Amino acid sequence: MVQQVEVQAERSGKWWALSIPIEGKLRHTQGRTLKEAEEMARDLLELYAQEYAQPALATAQIVIKVVGEAGEAAEAVEKARLAADEAAINARETQQKAVRDLRSRGLTMADIGRLLGLTKGRISQLAR
C-alpha cells in the first residue's frame, strides 16, 4: 500500500507555504504555484527518504490540503457544486414524475413540454 502524506499549503504573499509532517516533525518548503509546491514537497520527501532510509517516503502519495482563505474559498465552491448536483438530481426526478403523471392523464408530449418549459425531445427522454 502506498503511503499518503498530507501537505498543508497556505498562501503567504506570492508563495504557497508548505508544512509537511516527516518523522513526527513539520518540515517546510514553498512554491509559487500549487504545481511547483507539489514538486517541492516531492523533492523534500525524497531528501528525507534518503536521510531516514525510508524509501516509502520517496514514493508517497502527496495530498495537498489548502488552508486559510484560499482553502475556505475552495471548500465553499465544492459545497456549492455538491448542492447543485443534488438539485439537478432532484429536478430530474421531479420532472420524470411530472411527465409520467401528465402522460397518464392523457396529455400529449407537446402539451407537457409547453407546460413544463421543456422541449418535446426532453419530454420524450424523461418519459422513458
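## Close-up views of a predicted model

**View 1. The pairing of β1 with β2.** Strands β1 and β2 run antiparallel and are joined by five bridges. Within this view the reader can find Ala9, which stands opposite Leu18 in β2.

**View 2. The largest nonpolar core.** This core has 16 residues, and of these Val7, Ile20, Ile22 and Leu45 touch the most other members. The elements that give two or more residues to the core are β1 (4–12), β2 (15–22) and α1 (34–51), and α1 gives the most, with six residues. Apart from this core lies another one, of five residues, among them Val99, Ile112, Ile123 and Leu126.

**View 3. The surroundings of Ile20.** When its neighbours within four places in sequence are left aside, Ile20 is in contact with Val5, Val7, Lys25, Leu26, Arg27, Thr29, Ala41, Leu44 and Leu45. Two of these residues, Val7 and Leu45, are named together with Ile20 among the members of the largest nonpolar core that touch the most others.

**View 4. The aromatic pair.** A search of the whole structure finds one aromatic pair. The ring centres of Tyr48 and Tyr52 are 5.7 Å apart and the ring planes stand at 15°, so the pair is stacked. Tyr48, with a relative accessibility of 13%, counts as buried, whereas Tyr52, with a relative accessibility of 29%, counts as partly exposed.

**View 5. Two loop residues with positive phi.** Glu23, whose place is in the loop between β2 and β3, has a phi near 55°, which is a positive value in a residue other than glycine. At 43% relative accessibility, this glutamate, Glu23, counts as partly exposed. Ala53 is found in the loop between α1 and α2 (55–58), and its phi, near 50°, is likewise a positive value in a residue other than glycine. Ala53 has a relative accessibility of 65% and therefore counts as exposed.

How values were computed. Residues are numbered from 1 along each chain as its sequence is written. This is a predicted model: local features need pLDDT of at least 70, side-chain atom pairs count only at pLDDT 80 or more; totals for chains, interfaces and linings use all residues. Side-chain values use heavy atoms; hydrogens and water are left out. A nonpolar core is a set of buried Ala, Val, Leu, Ile, Met, Phe, Trp, Tyr and Cys residues joined through side-chain atoms within 4.5 Å. Buried means under 20% relative accessible area, exposed over 50%, partly exposed in between (1.4 Å probe, protein chains only). Helices (H or I, at least four residues) and strands (E, at least two) are DSSP runs, numbered from the N terminus. Contact means heavy atoms within 4.5 Å. Rings of Phe, Tyr and Trp (its six-membered ring) pair if their centres lie within 6.5 Å; planes under 30 degrees apart count as stacked, over 60 as edge-to-face and the rest as tilted. Two strands pair if DSSP finds at least two bridges between them.
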